[in-house]
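Please read it alongside the sequence and the coordinates.

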Amino acid sequence: MPKVIPKFMPIKPKTPLLPAAALRKVTSKSGRGVYASSDLLFKGAIFGRDSIEVAEDLIDLRPKLVRRIILTLSSLQGEEDNDKNEEEPGKIIHEYRTTVVDGKVIDDVSRNIFEELSARWGGTDTEMAYYGSIDSTPHFIRLVGKYAEIYGEEILDERLVLRSGHKLSVKIVLENAIDWLIAKLRESRSGLLEYQRRNPLGIENQVWKDSGEFYVHKDKTPVNHNAPIASIEVQGLTYDALMTAKKLFPRKYSDLDMLAHSVRDATIWLLWQPNRHYFSLGLDYDDAGELRVIETKTANPGALLDTEFFDDLPASHRQQYIGGVVRTLVSSDFLTDAGIRSRSLQADGLVPFWDYHGCFTSWPKETYDIAKGFRRQGFPLVARELENRLLNIVFKNWQYPEYVYVDKWGRVMTVSPSAQAHGDITLIDSTNAPERIQAWTVSAVMAITIGRLAAKLRSAKPLLREQWQIDLEQRLWSKMPRVKRMINPLSLKSRYPTYKYKLIKVRSENSSNFLHDKVQK
């Protein structure tokens, strides 16, 4: 439990940073898309999944930026097998750093991070390219498909230079990514897209929730990283990627429809929990090679809602799976004044501290992904509730945080350890302090605010819904604690009191984010 001590600190005025200005802070000035953040740890670093997430959020708003992101990630695609940096032909980059960013030499903090990572992951004196993520490649395929659908397939003819100096078109890059995905699925025992690090010093959990503590069984047994692991949300991306490939290349990939449905059916068969009316986190294998389901209750299944995963299931099945996920995520186990908890509150105690993907954190990125899914599946009122929470925590302090800490009562820890304020301070045992301007938080805010403005200016078509969706939303709506979108600072202060916190740093032996101990003091 957090400890509370009295302390006095004078209030420091805040200068508002509007979303467009925040986006400029994370946008590359040399045409390389976006950096993961403008703060300490990820400044000047290109992350595959972060860039793709931003691109999907802004695909209707910033098409030129999205195009630059696609071309940048295409140019960084893997070309050879390399155990050190986990590169594979066709694989999309996880993390890319250089010693010169936008024409300027990086600062000492960034240099320290660069040297640490290069030593671990096989970088040179000037460049570090690491490919340890399983989700970036199917997500990239989906992004290119969405872009081509909206703006035309001309982008596929764009030619670019890879790190090796080879020149390829985006079309060939895309085909190489599809071939990589198909090969990975064919070698999987479970039929799901699985990950396993090749470098002993690489990231253990090669998905977006990559903390060492997140993938743990409900009996507190860590997953077995000496064997493959599958995560639920990756399967939704995989399904969409296969369906995208089938649409773009119908003659070359004629059997992808069957493969996509095989992934979907295996996911439901293995990970749906009828007794909970919810999906499990994923699966791993024990030392004897026997498959084990990771039954830990997390927000990850919510990502399936913003995919085609459920689209062509029978109506009764769609109602069962979608309804179960929606009801679970708006329950008190997950819903807070900040958005959705990363792990169910029922799992409190599974990890002995406040891990940064755990019960006491809410990520704006995840909340927005789930809100998009709610809207896609016919629950616009509930989606708006989540978006209101996200906007309020951002504009309360005019920051765009990587995540926020939320206690068991749902109180949002809205002031960072370095902020100046007065009153009590909650001491939190954790490993990480969130980045203050995270790219995918900025893109979520822009997508919500501009999307709402655009909706007011046009006559939106009524959402076509089945009766079960209307009835379920009304039941949930009547029970949910309402949170309005607030603009007035006094209203925000009243609805979101300032709960200050300070981290009591713990070092996790399992954490892949080892740099926090070195950089964040």
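## An exposed loop residue

Asn275 is exposed, with a relative accessible area of 67%. The model in which Asn275 is described is a predicted one, and within it Asn275 has its place in the loop between β11 and β12. The C-alpha atoms of Asn275 and Thr367 are separated by 25 Å, while along the chain these two residues stand 92 residues apart.

His277 also lies in the loop between β11 (272-273) and β12 (278-279). With a relative accessible area of 44%, His277 is partly exposed, whereas Asn275, at 67%, is exposed.

## Positive phi values

Most residues other than glycine have a negative phi. Against that background, His277 has a positive phi of about 55° although it is not a glycine.

A second case is Asp102, a residue other than glycine whose phi is near 55°, again a positive value. Asp102 is placed in the loop between β4 (100-101) and β5 (104-105), and it counts as partly exposed because its relative accessibility is 24%, which lies between the 20% under which a residue is buried and the 50% over which a residue is exposed.

## Helix α6 and its cover

Helix α6 comprises residues 170-186, 17 residues in total, and from its first C-alpha to its last it reaches 24 Å, close to the 24 Å expected at 1.5 Å a residue. The buried residues in α6 include Val170, Val173, Leu174, Ala177, Ile178, Trp180, Leu181, Ile182 and Leu185, and Glu175 and Lys184 are also buried there.

Which elements cover the buried residues of α6? Among them are the helices α3 (63-75), α5 (136-151), α7 (232-248) and α8 (256-271), together with the strands β7 (159-161) and β8 (167-169).

## Thr238 and helix α8

Thr238 has its place in helix α7, one of the elements that cover the buried residues of α6. Its relative accessibility is 0%, so Thr238 counts as buried. When residues up to four places away in sequence are left aside, Thr238 touches Pro138, Leu181, Leu185, Leu193 and Val263; of these partners, Leu181 and Leu185 are buried residues of α6, and Val263 is a buried residue of α8.

Helix α8 has 16 residues and reaches 22 Å from its first C-alpha to its last, close to the 22 Å expected at 1.5 Å a residue. Besides Val263, the buried residues of α8 include Leu256, Leu259, Ala260, Ala266, Ile268 and Leu271, and His261, Arg264 and Thr267 are buried in this helix as well.

Val34 is found in the loop between α1 (19-26) and β2 (46-47), and it counts as buried because its relative accessibility is 1%. Leaving aside residues up to four places away in sequence, Val34 touches Val26, Thr27, Ser28, Ala45, Ile46, Ser51, Val54, Leu65 and Ile69. The C-alpha atoms of Val34 and Phe47 are separated by 8.5 Å, and these residues are 13 apart along the chain.

Asp50 lies in helix α2, which covers residues 48-57. At 8% relative accessibility, Asp50 counts as buried, and its contacts, not counting residues up to four places away in sequence, are with Ala36, Gln438 and Trp440. Asp50 and Ala383 are 333 residues apart along the chain, and their C-alpha atoms are separated by 22 Å.

## The chain as a whole

The secondary structure of the chain comes to 15 helices and 19 strands. Its radius of gyration is 22 Å, close to the 24 Å that the globule rule gives for 521 residues, so the chain is as compact as a globular protein of that length. Along its principal axes the C-alpha trace spans about 65 × 60 × 55 Å.

Of the 521 residues, 59% count as buried, and among contacts between residues at least 6 apart in sequence, 74% join residues at least 24 apart. The chain exposes about 21,800 Å², of which carbon and sulfur atoms supply 52%. Its side chains include 74 positive and 67 negative ones, and the centres of these two sets lie 8 Å apart.

Note on methods: Residues numbered from 1 in each chain as written. Predicted model: local features only at pLDDT ≥ 70, side-chain atom pairs only at ≥ 80, totals over all residues. Heavy atoms only, no water. Helix = DSSP H or I, 4+ residues; strand = E, 2+ residues; numbered from the N terminus. Rg over C-alpha atoms; globule rule 2.2 N^0.38 Å. Buried < 20%, exposed > 50% of the residue type's maximum accessible area, 1.4 Å probe, protein only. Contact = heavy atoms within 4.5 Å. Areas by Shrake-Rupley, 256 points an atom, 1.4 Å probe, with all protein chains shown as cover. Lys, Arg positive; Asp, Glu negative; His and termini not counted. Charge placed at Lys NZ, Arg CZ, Asp CG, Glu CD. Expected span 1.5 Å × (residues − 1).
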